[in-house]
Amino acid sequence: MTSAPSLWAITRRTLAKDLRLEWRSKDAINSMLFFALLVVVIFSFGFDPTAEESRKIAGGLLWVAILFATVVALNQTWTRELRNQVLDAYRLSPAPPQALFLAKTLGNFIFVAILEVLMVPLFVVFYNLRSVGPVWQLGVVALLATWALVVNGTFFAALSIRTRSREIMLPLILFPISIPALLAMVDATTSILTGDSSPIFWIRLLAVYDFVFTIVGLLLFEPVLNAE
Amino acid sequence: MKTLFNVLAVLTLLLLGYAFCQAMFIAPTEATMGDVQRIFYYHLPSAWVAFLLFFVNFLASVCYLIRRNPGADALALASAEVGVSFCTIVLLTGPIWARPIWGIWWTWDARLTSTLVLWLIYVSYLVLRHYATGGQVPVLAAALGIFGFVDVPIVYMAIRWFRTQHPQPVIAGGQGSGLDPRMWIAVLWNLAAFAMLAFLFVWVRYRQALASRALEEAHAQASLDFETGSTP
């Protein structure tokens, strides 16, 4: 070992470790999937929409379901590291905290992306959806929106494991901050599905949100990780 | 310190009284809305003071993360608490005015919605402070304070766009276009009075937070001394 490994190398290693752990246990993804499925089914009891109406409400339902499911997964990201004092070991190691934050965020991004890939067909079937606008735009919205949810979610999950009743804490601090992102993802999705208006403003807003909070998260993660 | 506080408290009371006279008796009655409009003299100053306090919270949070001084943390806590109180006044006086004027208590208009979201963000800040324990509270709270403040312009942009896409006809006829000069005087007096009041509250809460911190440290020190004293 002549030189210290780069930030990216450490990020990749940590991410690989998380993915392997998840692949073997499937804790997060299973609970998240089943939870999201439950939310979709329960929503469908509340609404009995026609094809035209479902285009208007599907964006909201889909993202609310994904948001709730994301919280389920986020709560497990850091509790896993509390067992056997892994987090303390990480704090003592010379590895940059940003690498840990990035790895966790990317890991959650992958989990939520898998969830979306499995959930969207269900939505299409259950709510009889057909998009009026171009479908590829939905892909862009999904990528940006997922990052918006997990970048803040991962940060706030790290913050809330330091509090009493941590499982309740996470949504309480995550949801208020995420309101503009939620508004953007829901409205972007609705405007693509209905084809009524252009989603460009919302896509830009999501991009700005992602950019700003990625920077703020990277800057503030170090003090939060080392807070005593 | 105590005399200065008492002098300021008396001054604030006088100012509040005078501002009340200005708002209730001296400012002219609004032509279409009548006396209901007078709530505006409390609504607007509260809003400005709340926004100012949230900004103070942001500055104090940044300062705490850089310098780690307990004073900055106490100021962040005090300004967030008083800010949320004033923001609550805004959210309560708004509907009281809206009911007779617009005929509804609430509408998802841009300014109402963004104020509500702002309120939610800072309530979550206080919730975090309440639930977090131990010496890490100031750092966690400071991080959330910065996140919250950075979010404010994004909230504002999102909600403004959201509402310009779906215009609300009820907004027509609101105030804002051309105030009578005497109304302006009442607004400014009330603004001064509320700013003083907020300053006093923040001051008290700031001293209180510092004192309770000192007390906790003294307790910890005392139990430490006891432990070391009792063991041979």
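Colleague: What numbering and confidence limits apply?

Modeller: Residues count from 1 along each chain as its sequence is written, while chains are lettered from A and ligands numbered from 1 in the order in which they are written. In this predicted model, side-chain values use heavy atoms, without hydrogens and water; totals for chains, interfaces and linings use all residues, side-chain atom pairs count only at pLDDT 80 or more, and local features need pLDDT of at least 70.

Colleague: Is F20(B) buried, partly exposed or exposed?

Modeller: Relative accessible area decides: under 20% is buried, over 50% is exposed, and in between is partly exposed (1.4 Å probe, protein chains only). F20(B) has 40% relative accessibility, so F20(B) counts as partly exposed.

Colleague: How far apart in space are F20(B) and G134(B)?

Modeller: In sequence, 114 residues separate F20(B) from G134(B). In space, C-alpha to C-alpha, the separation is 43 Å.

Colleague: What order of elements does chain B show from the N terminus on?

Modeller: Chain B has six helices and zero strands. Its C-alpha atoms fill a box of roughly 85 × 45 × 25 Å along the principal axes. From the N terminus on, the elements run α-α-α-α-α-α.

Colleague: What share of the contacts in chain B with a separation of 6 or more comes from residues 24 or more positions apart?

Modeller: Chain B has 232 residues, of which 43% count as buried. Among contacts with a separation of 6 or more, residues 24 or more positions apart account for 78%.

Colleague: Which element gives the most to the lining of the second largest pocket?

Modeller: A pocket here is an open set of points on a 1 Å grid over the protein atoms alone, where a 1.4 Å probe fits, with protein on both sides within 12 Å along at least five of seven lines; lining residues have an atom within 4 Å of a point. This one is lined by 19 residues, with D73(B), G134(B), S212(B), R213(B) and E216(B) nearest its centre. Two or more lining residues come from each of α3 (70–102), α5 (137–165) and α6 (181–230) of chain B. With eight residues, the top contributor is α6(B).

Colleague: What is the volume of the second largest pocket?

Modeller: By class, the lining has nine nonpolar, four polar and six charged residues. Ala, Val, Leu, Ile, Met, Phe, Trp, Tyr, Cys and Pro count as nonpolar, Asp, Glu, Lys and Arg as charged, and the others, Gly among them, as polar. Volume is the space filled by probe spheres set on the grid points, which are joined across faces, edges and corners. The value is about 480 Å³.

Colleague: How many salt bridges are there over all chains?

Modeller: Side chains of opposite charge can pair when their charged atoms come close. The rule for a salt bridge is a side-chain nitrogen of Lys or Arg within 4 Å of a carboxyl oxygen of Asp or Glu. Over all chains, the count is nine.

Colleague: How many residues apart in sequence are the parts tied together by K17(A) and E81(A)?

Modeller: The side chains of K17(A) and E81(A) form a salt bridge at 3.0 Å, N to O. K17(A) lies in helix α1 (residues 7–25) of chain A and E81(A) in helix α3 (residues 51–82) of chain A, so the tied parts are apart in sequence by 64 residues.

Colleague: Which residues do salt bridges with shared partners join into one network?

Modeller: K17(A) also pairs with D18(A), with the closest N and O atoms 3.3 Å apart. K104(A) meets D18(A) at 3.1 Å, N to O. That pair links helix α5 (residues 97–126) to helix α1 of chain A, 86 residues apart. The network joins K17(A), D18(A), E81(A) and K104(A).

Colleague: Where does N84(A) lie?

Modeller: N84(A) is not a glycine, yet has a positive phi of about 60°. At a relative accessible area of 71%, N84(A) is exposed. Its place is the loop between α3 and α4 (86–92) of chain A.

Colleague: How many disulfides does a search of the whole structure find?

Modeller: A disulfide needs a pair of cysteine sulfur atoms within 2.5 Å. C63(B) is partly exposed at 27%, whereas C87(B) is buried at 0%. Over all chains, the number of disulfides found is zero.

Note on methods:
Helices (H or I, at least four residues) and strands (E, at least two) are DSSP runs, numbered from the N terminus. Contact means heavy atoms within 4.5 Å.
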